[in-house]
Amino acid sequence: MRRWRIAAAAAAAALLAAGCGSGSGNGGSGASNAPVTLTIWHNYGTEQNATALVNLAKAFHRLHPNITVNVVSQPATNYFALLQAKAISHNGPDLAVMWTGLFTLQYKGFLQNLKGYVSASALAQVDPNALKWTSDSFDPANGPYVIPLENQFYIGFYNKADFAKAGVTSVPTDWSELYAACTKLKKAGYTPIVYGNGGQPLGATFYPWYDMSYMMIGAYTVPQWQGLYSGSTPWTSPAISGQLSNWVKLHSAGCTNSDVVTNTTNLGQFESGKAAMMVDGTWDTQKFTSALGSNVAAFVPPFSSTPIKGVVDFAGDGISMMSYSPHKAQAAEFLTFMTTKQAAAIINAAGLIPAINGTSTTNSVNQEMLNFVSHGGMTAYPMLDNVVQGNVVNIGSKFLPSVLNGSESIAKALQDMQTTLQQLPASQRGNTFP
Amino acid sequence: MSLIADPPVRRPRHGRLARKRRLAGLLLSVPAILLVGALLWAPIVQAIRYSMTTWNGYSAPVWIGPSAYATALSDPIVHRVLENNALLLLAVPLAIGIPLIIAALLHEHVRGWRFFRSVYFLPTAISWVVIGMVALEFFAANGMLNHLLADVGLGSVHTDMLASEYNALAALAITFIWSMIGTNTIIFLTGMATLDPTLLEAARVDGLSRRQIFFRVTLPLLTRFIQFAFVITVISAFSALFSLIFVMTGGGPGLGTTTLEFFVYQAGFAQGQFGIGALYGIILFVIMIIVGIGQLRLIRSQDGEGW
Amino acid sequence: MATASARPAEAASAPSAPATPVSRWQSARFRRRVTATAIFTIMVLIAIVMFYPFWYMGDNSFRNQAQFDRQSGHSLAGWKQLFNDLPVVHQLVSSTIVCVAAIAIILVVATTAGFAFAKLRYRGSGLVFLLIVAAMMVPLQSIIIPEYVNLAKFSLTSNYAGAVLVYAALGAPFATFLMATFYRGISDELIEAAVMDGLSYERTFLRIALPLSLPAIATVTVLQFIQIWDDLLVGYLFLPTGDRTITVGLAVLSSGRTTGIPPLMAGSLVSAIPAIIVYLIFQRYLIRGLTLGMGK
């Protein structure tokens, strides 16, 4: 019912905007009268993001009847290699989904810097923290390459009913409280935290960078994370191995399922209430709220010796303009449209958290996450795997699950990550981001 | 016994007919040469050049030179990856032997052979993604394998093969052997279609047992096809398992199932570093030529009539 | 063999016959029967293992995502989503066009070249053969980008042509290798006799060798069909998005964060069927006895 009303509101807003738009649109670009087809590529599969993008395209077309937007879904595997190949032959799309952080900077060779294409007043509508991570040197003054679609969280989910039955009265905020909660949950017959390969794209083991982000939040401030990129804070630092040994203790003390590396049914175990906690991300919020109703809530994974102070709140993806696009003016209009309140309403209606200033989300669990920053005084951190080198992320993804499983030593895994970092050319591990 | 093949016919090596034969051979092989030359060797040669650069496709490549190979070959991670390739070779005899036995049984028309011949090939038609998912679910700690073990009273042998490096490679090898059954069986059936039934009949009349016929008659006549299956199986093990590894193990745990092919993908292709992808690819190329072509030449020295 | 196993009781209780020869005869027959039963049992077990993935696909296609996560309950959600999200029929047609065209090219170049390398050797033909076989030993990911750049220069990436050519090239070495291996089994006398009768070598190939090689042609067709049908990378890069193959289409179901498994299973089942049909059609050529002049 509520969603229907939002849709109606959005439609009304669209009509209004269309009325205004036809008046002001002509001033924007002389080319806007000739019919143009823009192509957008995305790698969203069947996620809510795909719904949001399709609806944005429809709404935009209503505002600009002479611009048709063709939304094309591309396989997520090899998506970036495909963009790269098409950039060589200059026959790719006009706009494409791009991941932010180092991904953006890695591919900026064929992305258009949006400074001057999307007006400063439009950019001012976007969450400044989101724009920062899509700009050269991660400084928004340099102009972004991507207009973010949504804010995503790496976040913990917990089952309120499980907590209540086990007598866990407050949500843990540091390692010792987490161990205490684990003991109670275990005694009550629950798997305290479940790990497994669900909650990520097709893949064999769980993706360790959700947890790793929170361990590094527990150890370092946002500016200090640059040291992980440059190597001035080696991966072998005592602070990092200390965090990892606390993490490994979760498994050895029985706070997790025993088969962390090979579990294939973790989503089911959490959705059925057998497991009380899970570290995941916003893309699974809707799935959990529809399975568990009001029993599911968000919490900040307390991977810290002192009460955890930060949360991964990051605009992980958005739309970028290809530098070879023949329709830059029209593409810029679409990106400008993405900064409007109307666009935010469409994004919210798809179950996502818009990265537009002053908007909220209608999913209460998502709103809890936003409140961690706006009301709880938490610092917003980026996703760690978006701000350290891809090769390091790869090696970490291979070794860290085994570390949690106890079949790989912490020192060996961290040393491998450090070696991988040092083998990169100096241009890929400077004191400033590229 | 008259079961050994007749000595090869001597054909004239000179004269008008021989010249016509050579000309016809050249003519008939031209289409294949053009196709493979233009569409495979051209990019291979380009890849050799790119392997010594930092090519990413759109920005100007920086020349590194042959030292790129020295650097790569001294990397301990590459050594570990190559070890995986070497270990995977151990699966090849089984990936050939099992289909060979199956093909021989089917060829002998054991009870239900028509049905088995159809069913054994079916999984070949399934995409790697599904095979990977099924294998993942089969080997998982709470998966089929352990349920089956428990059902036959071996519950104490609880396995978690995919959780440790060498066991995961063994699980991958088992899945690989399984996946080759369909392909290699039909290759051997094709080979057996060339066997002269009168030879087998003669052997049977001579009183040879089924096993003797297999080892003394069928197997020697199938050498060419075994050789063929060997090359194809090595190529599959080294360069066709990418999707399976991607879904089943992701190359892990650790570097346990990262083969050089998967490394080409992860360190090069997926990162957009096509120069590095080409570098590891050419290393793999050279290794496969040594293993594959070397084997073809080796057989030649034995029967004097190889390639 | 069927009659032997149908009458075990009679064979075991033949009391009147002389003792020694009968018991030997009995035990030999008994052993043969045990062997046959053991073989049959093993074959059945292998068949179950081979069939299991189909059960897995079928079972999980009739679920929605939550039912898949919990592995309980069934519904039509997977199938509905598949046909809602993907133009399945159009993509099956695309796959078929690409497969048929590429296999046609492969068969033409591989039968001719295979025959040449096996029976019509010329100076250097051994080396050329090895170069062709070697070309399939480089990992696709290492050469596909240069390949893409080359073909894009000739505008071959805006229709089926580019993908068909690349598939044909990728399949040609395997097929040539198999055809040559097969043709080496044809006796030289047969070829030379035909030539003595006044046929040219080219006509001898067409009239004599080609019909004999039906089993190998069937094998190449079946294996290449599956190879091309299930390929992701080439179809992904070289085909325009409107003319995708089913395999590329299904890959769209997995995103950067999650994968819709039930529709993927439904789609994989649909996608496996054409290859199975092709195999069932062609497997009848894989029979023994096609031996006119074969074996050396």
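At roughly what angle do the axes of helix H6 (residues 88-119) of chain C and helix H9 (residues 160-183) of chain C cross? The two axes cross at roughly 35 degrees and come within 6 Å; axes here are lines fitted to C-alpha atoms, for helices over the stretch in contact, and angles run from 0 to 180 degrees between N-to-C directions. Helices (H or I, at least four residues) are DSSP runs, numbered from the N terminus. The contact of H6(C) with H9(C) involves 22 nonpolar residues, four polar and one charged. In this division Ala, Val, Leu, Ile, Met, Phe, Trp, Tyr, Cys and Pro count as nonpolar, Asp, Glu, Lys and Arg as charged, and the others, Gly among them, as polar.

The structure is a predicted model, in which local features need pLDDT of at least 70, side-chain atom pairs count only at pLDDT 80 or more, and totals for chains, interfaces and linings use all residues. Residues are numbered from 1 along each chain as its sequence is written, and chains are lettered from A and ligands numbered from 1 in the order in which they are written.

The model scores ipTM 0.88 and pTM 0.87. Chain C has an average pLDDT (the predictor's confidence in each residue, from 0 to 100) of 85, with 88% of the residues at 70 or above. Within chain C, confidence is highest in H6(C), at 96, and lowest in helix H1 (residues 2-6), at a mean of 38. The pLDDT is below 50 over residues 1-19 of chain C, a stretch with ten contacts beyond near neighbours in sequence. Where pLDDT is low, the predicted coordinates should not be read in detail.

Chain C also meets chain B: 91 residues of chain C are in contact with 87 residues of chain B, contact meaning that the C-beta atoms of two residues, placed from the backbone, lie within 7 Å. Helix H3 (residues 19-61) of chain C provides the largest share of the chain C side, 13 residues. That side consists of 63 nonpolar, 18 polar and ten charged residues.

Chain B in turn has 28 residues in contact with 29 residues of chain A. On the chain B side, helix H6 (128-139), helix H12 (242-248) and helix H13 (260-269) each supply at least two residues. Here the division is 14 nonpolar, twelve polar and two charged.

A:Ser407 lies in the loop between helix H18 (390-405) and helix H19 (410-423) of chain A. Not counting residues up to four places away in sequence, A:Ser407 touches A:Ser402, B:Ala163, B:Ser164 and B:Pro253. A:Ser407 counts as partly exposed because it has 16 C-beta neighbours inside 10 Å; a residue is buried with 20 or more other C-beta atoms within 10 Å of its own, exposed with 12 or fewer, and partly exposed in between, with C-beta atoms placed from the backbone.
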